[in-house]
Amino acid sequence: MEGGVGAAGGGAQYNPRTVEDVFRDFNGRRAGLIKALTTDVEDFYQQCDPEKENLCLYGFPSEQWEVNLPAEEVPPELPEPALGINFARDGMQEKDWLSLVAVHGDAWLLAVAFYFGARFGFDKADRKRLFTMINELPTIFEVVTGSAKKQSKEKSSVSNHSSSKSKSNSKVTSESQAKYVKALQPKDEDEGFDEEDEDEHGETSCGACGESYGADEFWICCDICEKWFHGKCVKITPARAEHIKQYKCPSCSSNKRGRS
């Protein structure tokens, strides 16, 4: 029965032959396992009686799940899920046990997907494409433990922060050639500091005191001689720099007065 999936592996006969077919198979089985470990968790918990024999959790392409004995044939039609998940049920906290089952579920799904990939001759590009499609989805472990939602919020927060930072930087650039490098936050808030800025100005010396660029210092650039200065050395604050359209350092200012 080439390509068929027996009862132990996932229900009715099924023949995934393309990357898209295998991904749909993966997605269906994944949905079944997630259902068992979330919405149907009470039923799943009751079926995993430690007094019973070795039990496995199967996910089907139809998005259903089943707790059952392992396949009898050796080797099985498909890779088998983790054996004996029921034995640890009462020996650990429920959330930890469910997380453990989830991790084994993730491993089984990948094994089944790449079993099909090998059986139907997927080349390197197809295998990479299949993994990329799979990797776009949260793992069952992430869904069960809630870390998928947390990562989504953090990603959204980082994206919003980056967007705001980008808009702010473009505004500064358009106002002047380089009015100032950065009015930096305190040390504990400098996650948004751009490493490229640090690399770019790390070798710069102040035109007034000769000291090197510091990551927590405000700098300003003269639009005439293009030298950089510590704000404190030329008595310019970040707030004041916002209102300067063209900054001239003390030296350039005095030269102009001297010529006049």
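Student: Which residues line the largest cavity?
Tutor: This model is predicted: local features need pLDDT of at least 70, side-chain atom pairs 80 or more, while totals for chains, interfaces and linings use all residues. Numbering starts from 1 along each chain as its sequence is written, and side-chain values use heavy atoms, without hydrogens or water. A cavity is a set of 1 Å grid points over the protein atoms alone where a 1.4 Å probe fits but cannot get out, lined by residues with an atom within 4 Å of a point. Here the lining is Leu33, Leu57, Pro81, Ala82, Ile85, Val101, His104, Gly105 and Trp108.

Student: What volume does the largest cavity have?
Tutor: The whole structure holds one cavity of 30 Å³ or more. Its volume (probe spheres set on points joined across faces, edges and corners) is about 70 Å³.

Student: Which residues of H4 make the contact with H1?
Tutor: The axes of H1 (19-37) and H4 (124-135), lines fitted to C-alpha atoms over the stretch in contact, come within 10 Å and cross at roughly 30°. H1 brings Val19, Glu20, Val22, Phe23 and Phe26 to the contact (heavy atoms within 4.5 Å). Seven of the contact residues are nonpolar, three charged and none polar. From H4 come Asp126, Arg129, Leu130, Met133 and Ile134.

Student: With which residue does Arg24 form a salt bridge?
Tutor: Six salt bridges are found in the whole structure (Lys or Arg side-chain nitrogen within 4 Å of an Asp or Glu carboxyl oxygen). The closest N and O atoms are 2.5 Å apart, and the partner is Asp21.

Methods. 1 Å grid on protein atoms, 1.4 Å probe; cavity = no way out; pocket = protein on both sides within 12 Å on 5 of 7 lines; lining within 4 Å. Axes fitted to C-alpha atoms, helices over the stretch in contact; angles between N-to-C directions. Helix = DSSP H or I, 4+ residues; strand = E, 2+ residues; numbered from the N terminus. Nonpolar A, V, L, I, M, F, W, Y, C, P; charged D, E, K, R; others polar.
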